[in-house]
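Visitor: I would like to go through this structure with you, one topic at a time. Could we begin once it is on the screen?

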Amino acid sequence: MTPLQFQAKTAKGGASLLLWSCGLLLLWLLALLLFRDWLPATAWAMLLLACVVALVLAYARLTEPWLVLEAIEQGLTFYHRKGQWLLPWQEFSLVSVPELNGRELAYIGIKLKVQSPFLARLSPRLAVALLMEQRNLLLSAVGQNCPTGQCPSAFLLETNPCQVEGKVYKGVIGMFGSRMQTLRQLIGFDLYIPLNALGENPQFFCRTINQLRLQYSENTVT
């Protein structure tokens, strides 16, 4: 099949933002040389801080992967600045926008048929990044499922080691396995991709990926 690529929304505009930031920094230097006495030192410092923040944001955008997702013959690939994962078509059953108490979440959810093969391939570096990024999602899911505020502590404790489908995973992979089990229990999906990273209509993306998954399944059967 021809690879189907979905460009990362967060990677767009990095080059133009970098040019604007450099231009602002040069203007700041020129203004400081010519009009030093027009503003107090604190004002010049604040303007410099704004230029530095813009440069940092531009660098962050430039270091983001150009692609966020790619559908290839082997499966669905997710790209992250800390690594990537490949999910074979036969290992997941559904891609959809998850809901929590009737409200759509700002994520694409992927429901796995089995979790252990994914955990066996996941790199610890990427697992750490995803654990940190999904912390707010976990807290939101726990809060919605515990209206009294007295939630089971097991929801917030990512045990290590973790047993998944008869296999034991330790370290950050074990913590990520616990997180997957908790989110599956609370929301119904195993993997989550933030919508603000996807430069595509979520409904179109989900429909396209689900069709490709079914197409792959039919081809393997025949």
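**A conversation about the model**

Guide: At 41% relative accessibility, valine 53 counts as partly exposed. Please keep in mind that this is a predicted model.

Visitor: Which helix holds valine 53?

Guide: Valine 53 belongs to helix H2, which covers residues 41-63.

Visitor: And which residues make the nonpolar surface patch?

Guide: Met46, Leu49 and Val53 make a nonpolar surface patch of about 290 Å².

Visitor: Let us turn to the aromatic residues. How many aromatic pairs are there?

Guide: Counting rings whose centres lie within 6.5 Å, there are five aromatic pairs. One of them joins tryptophan 89 and phenylalanine 92: the ring centres are 5.9 Å apart and the planes stand at 40 degrees, so the pair is tilted.

Visitor: Are tryptophan 89 and phenylalanine 92 buried or exposed?

Guide: Tryptophan 89 and phenylalanine 92 are both buried.

Visitor: What about the rings of tyrosine 107 and tyrosine 192?

Guide: Their centres are 6.3 Å apart and their planes are at 90 degrees, so tyrosine 107 and tyrosine 192 form an edge-to-face pair. Tyrosine 107 is in strand S8 (residues 107-112) and tyrosine 192 is in strand S11 (residues 191-194), so this pair ties together parts that are 85 residues apart in sequence.

Visitor: How buried are the two, in relative accessible area?

Guide: Tyrosine 107 has a relative accessible area of 15% and is buried. Tyrosine 192 is buried too, with a value of 4%.

Visitor: Which residues form the aromatic cluster?

Guide: Phe78, Trp85, Phe118 and Phe176 form one aromatic cluster.

Visitor: Moving on to aspartate 190, where does it lie?

Guide: Aspartate 190 is in the loop between helix H6 (171-186) and S11. Its relative accessibility is 1%, and with under 20% as the limit aspartate 190 therefore counts as buried.

Visitor: What does the side chain of aspartate 190 contact?

Guide: A polar atom of the aspartate 190 side chain lies 2.7 Å from the backbone nitrogen of leucine 112. The side chain of aspartate 190 also joins that of arginine 184 through a polar contact of 2.7 Å.

Visitor: Back to tryptophan 89. How far is it from glutamine 215?

Guide: Tryptophan 89 and glutamine 215 are 126 residues apart in sequence, and their C-alpha atoms are 9.5 Å apart in space. Glutamine 215 lies in helix H7 (residues 202-221) and is partly exposed, with a relative accessible area of 45%.

Visitor: Now the backbone, please. What is phi of asparagine 101?

Guide: Phi of asparagine 101 is near 55 degrees, which is a positive value in a residue other than glycine. Asparagine 101 is in the loop between strand S6 (99-100) and strand S7 (103-104), and its relative accessible area of 59% makes it exposed.

Visitor: And what is phi of glutamate 165?

Guide: Glutamate 165, again a residue other than glycine, has a positive phi near 50 degrees. The loop between strand S9 (162-164) and strand S10 (167-169) contains glutamate 165.

Visitor: How accessible is glutamate 165?

Guide: Glutamate 165 has a relative accessible area of 44% and is partly exposed.

Notes. Residues numbered from 1 in each chain as written. Predicted model: local features only at pLDDT ≥ 70, side-chain atom pairs only at ≥ 80, totals over all residues. Heavy atoms only, no water. Patch = residues over 30% accessible without salt bridge, like charges linked within 9 Å, V, L, I, M, F, W, Y side chains within 5 Å. Areas by Shrake-Rupley, 256 points an atom, 1.4 Å probe, with all protein chains shown as cover. Salt bridge = Lys/Arg side-chain N within 4 Å of Asp/Glu carboxyl O. Helix = DSSP H or I, 4+ residues; strand = E, 2+ residues; numbered from the N terminus. Buried < 20%, exposed > 50% of the residue type's maximum accessible area, 1.4 Å probe, protein only. Phe/Tyr/Trp six-rings, centres within 6.5 Å; stacked < 30°, edge-to-face > 60°. Polar contact = N/O pair within 3.5 Å; in protein donor to acceptor, adjacent residues only side chain to side chain.
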